[in-house]
Amino acid sequence: MLRSRGVTDLCGPDSTSESRFTAYVERLAAALSHADRTAPFRAYCTGLMLPGERKSVEPMAARVDPSRVSAAHQSLHHFVAKAAWDDGAVLDAVRDLVLPPLLEGGPLRFWILDDTGMPKKSRNSVGVTRQYCSQIDKQDNCQVAVSLSLATDRASLPIAFRLYLPEPCANDPIRRAKAGIPDAVAFQTKPTIALDQIRAAVAVRLPPGVVLMDAGYGTDTDLRAGIGALGLIYVADTQSSTSLWPPGVTPLPPKPWRDTGRPPKLLRCGPGHEPVAAQTLAQGLAPATWHTVTWREGTNAPLTSRFAAVRVHPAHRDNERAELRPAEWLLVEWPEDEDEPTKYWLSTLPDTASLDGLVATAKGRWRIERNDLELKQELRLGHYEGRGWRGFHHHATLCIAAYGFLVRKRAAIPPSAPPRTGCREAPALPEGYRPRGAPAAP
């Protein structure tokens, strides 16, 4: 469990913290468009913030209102699984409340794309299929959600969160009906969902930042092109097999026109005019190209490795194009104790960017790890037990709302301040209380 300025440190213990949390929730409740939803909204967010190993609906109801567990459970279940409030409106309200104090501590640096895997034993929940799950780092039954977060040097905040619906689930009318998936929701790849989230952020004129993404997104040429078309800069993890035009190597011009038909326009490859894999290019760089860079202080020591950067042209399906793609940076990490390079990035940072700046930006994705840890370990993002589309997104939105309070309060604490201790205590549970499904007492 996280303990350094985590949920249990920032939710109390003083009355000022509790009153601030109440005021924060009341301001967000305006986005629900119905006064009757304010009380369950406040209760659900409180349940997420209180200590407790399990944060599905019934255990939270027991902690929030131990004298009326059944009624509280029914109210919270209806609010999260059935009530037709707008997740986007609540997330917008969280962003509008949290972003200003966050920016008081420093400028916005990054827009971070990521996905979150949540293991599920049953395939009956919406979006569950056997797929890669980042939480356990292997293929298994899970749900995967795509998120976009805004980050400064001190903190990050998720502003968009959308379940990835695998194609078999999206095209199965029976599963769609059982999960209550809206008719307008069709199959989209994760990069397509991510690009939609970025377009929405651009549309509301959020402060721009460098878009950071791992290789699951960075290898998608259409996503990178879409980000560039929006006027944004990116640093994208990519694979060792990524096809590139090395410095000084270009494709052949189109075939000569023979006075009949349309003039040829497509680029061509030939001996001496061929792209190479990123790994081949990196291993052929001169020793003087590699430099040792320290990008930040780690927990126990400075984080240092060896890097090289060169200007290249991505070469994906160039035989279908009439001109080269614009030049980008290829950044490569090759630790001295490794037999081959370990990491590759493509970046549209200016050609005047320094190697130190490229490395510091590429390594900025570590901030998203705090989101994942606190949302999963403290706020129990993956604990929702409902099976429907609406309930999944409502629960995730409420987790982000609670997390936003932590980010907002943490932003007011100077970086050098010692962590606050103590936490708000949950009310005592009724004697003999046992959640449904729990084993009988011995």
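Is Arg380 buried or exposed in this structure? Arg380 is buried, with a relative accessible area of 4%; here buried means under 20% relative accessible area, exposed over 50%, and partly exposed in between, with a 1.4 Å probe and protein chains only.

Colleagues, a word on the basis of these values. This is a predicted model, in which local features need pLDDT of at least 70 and side-chain atom pairs count only at pLDDT 80 or more, while totals for chains, interfaces and linings use all residues. Residues are numbered from 1 along each chain as its sequence is written, and side-chain values use heavy atoms, with hydrogens and water left out.

I turn to the overall fold. The protein chain contains 15 helices and 12 strands, taken as DSSP runs numbered from the N terminus (helices: H or I, at least four residues; strands: E, at least two). Its C-alpha trace spans about 85 × 55 × 45 Å along the principal axes. Of the 442 residues, 48% count as buried. Contact means heavy atoms within 4.5 Å; among contacts between residues at least 6 apart in sequence, 67% join residues at least 24 apart.

Next, the interior. A nonpolar core is a set of buried Ala, Val, Leu, Ile, Met, Phe, Trp, Tyr and Cys residues joined through side-chain atoms within 4.5 Å. The largest such core has 86 residues, and Phe41, Tyr44, Trp111, Val211, Met213, Ile227 and Leu398 have the most contacts inside it. Helix H15 (residues 389-411) gives the most to this core, with 12 residues. Which residues does Tyr44 touch, not counting those up to four places away in sequence? Tyr44 touches Val57, Met60, Leu76, Val80, Tyr384, His395 and Leu398. A second, separate core of 18 residues includes Trp295, Leu331, Leu349 and Ala362. In soluble globular proteins, nonpolar side chains tend to be buried together.

Finally, the backbone. Most residues other than glycine have a negative phi. Ser33 lies in the loop between helix H2 (15-29) and helix H3 (38-49), and its phi is near 65°, a positive value. Ser33 is exposed, with a relative accessible area of 68%. Arg380, with which I began, sits in the loop between helix H14 (367-378) and H15. The phi of Arg380 is near 60°, again a positive value in a residue other than glycine, yet Arg380 is buried.
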